[in-house]
Structure formats: C-alpha cells, structure tokens
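Dear colleague,

I am handing over the structure below, and I would ask you to look through it slowly before reading on. My notes on what was found in it come after the display.

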Amino acid sequence: FPGVAKAQAALWDLIGESLRDCLGQRQALVSLSGGYDSSAVLGGLRYGLQAPDALCFSYCNGIPREGSDAWVAGLRAGIADYPFMLLQSSYRQDLPALIADNGRTTQYLRGPCGEHEAFRVLAALWDDDGDATGRVLLSG
C-alpha cells in the first residue's frame, strides 16, 4: 500500500518522542505481556531511544510454560538485550481471593489478573533500596 512505510516511520517517531518525554533521564521499568503493545514500548526503548538500562518484567504463577505470555515476554526482553525479571503472583491458585483482591486494588475497573500483584512486588523492591524517583513504570 502506498504510504505505509511513511506512516510506520511517523508512528515510530511519535512513540520515541512520547517515551523520551516520559523518561527524561530516569530508568524504565517495562511491564511486558508478550503482546503487541508492550512489544512496541520495548522496541521504542531499545531501537528508538537506545535506552541503556531498562529493566523488563512479567509475572506468572510458577514457571512459565513455553508459549505463555511470560515466556514470550522473556524472549522479547532478551532480543532487546535488557535484563528480565519474572515476578511470582502470590495468590496461590486461590481464584476467589485473587478476584476479591483485584477488585479492592483496582476498584473493579479491570478483569481478574495478577498485574496488581506484580506492581506490589515492584513497590517492595523500591522500598528495599529506598528510591523510586529515578524510575518510570511503562506498560503497553
């Protein structure tokens, strides 16, 4: 299609500009789902901004199975040559507890997921080193 390459280049420029405005000189913490949106954020950081010190993470319960979102997220972080951290969900297969906690945490604005648990683990990591001001959480 005529103009597709031009539109793609313009989109990458906009993604890069948005990331640059968001990050400044701070480190990016990138929540990777393995999907298109978070992959675009990751690509913009690595290949657009050449951000040197992003930290990628995903979350799961146990060891991610091949082909799962967390497994794909780890592959993509490796391709971008960024460190990857797998955060463990702590709901321990208790779906009613996960749904109730998810509701309290997100005010019932999201479907049941372990994302809020991952953010809790990250907050605890920030508390350990005492400084979250030099980091920005990015999610696609």
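In helix 2, the residues that are buried are Ser-38, Ser-39, Val-41, Leu-42, Gly-43, Gly-44, Leu-45 and Arg-46. Please keep in mind throughout that this is a predicted model. The cover over these buried residues of helix 2 includes helix 1 (4-23), strand 1 (27-31), strand 2, helix 3 and strand 4 (135-139).

Gly-43, which is one of the buried residues of helix 2, is also where this helix bends, by about 25 degrees. As for its length, helix 2 has 14 residues, which at 1.5 Å a residue should span 20 Å, and the C-alpha atoms at its ends lie 18 Å apart, which agrees. Just after helix 2 comes Gln-50, which takes a positive phi of about 50 degrees.

**Helix 3**

Which residues of helix 3 are buried? In this helix, which runs over residues 69-79, they are Ala-70, Val-72, Ala-73 and Ala-77. When you look down the axis of helix 3, its buried residues fall within an arc of 160 degrees, so they line one face of the helix. Among the elements that cover these buried residues are helix 2 (36-49), strand 2 (55-60) and strand 3 (84-88). Helix 3 is followed by Asp-81, and the phi of Asp-81 is positive, near 65 degrees.

**The chain as a whole**

Stepping back, you can count 5 helices and 4 strands in the chain, and, read along the sequence, they follow the pattern α-β-α-β-α-β-α-α-β. The chain has 140 residues, of which 34% are buried.

The mean pLDDT of the chain is 79, with 72% of its residues reaching 70 or more. Where in the chain is confidence lowest, and where is it highest? It is lowest in helix 5 (residues 115-129), where the mean is 65, and highest in helix 3, where the mean is 93. Where pLDDT is low, the predicted coordinates should not be read in detail.

With best wishes

Notes:
Residues numbered from 1 in each chain as written. Predicted model: local features only at pLDDT ≥ 70, side-chain atom pairs only at ≥ 80, totals over all residues. Heavy atoms only, no water. Buried < 20%, exposed > 50% of the residue type's maximum accessible area, 1.4 Å probe, protein only. Helix = DSSP H or I, 4+ residues; strand = E, 2+ residues; numbered from the N terminus. Arc of directions from axis to C-beta. Contact = heavy atoms within 4.5 Å. Expected span 1.5 Å × (residues − 1). Bend = angle between axes of the 7 residues up to and from the residue. pLDDT = per-residue confidence, 0-100.
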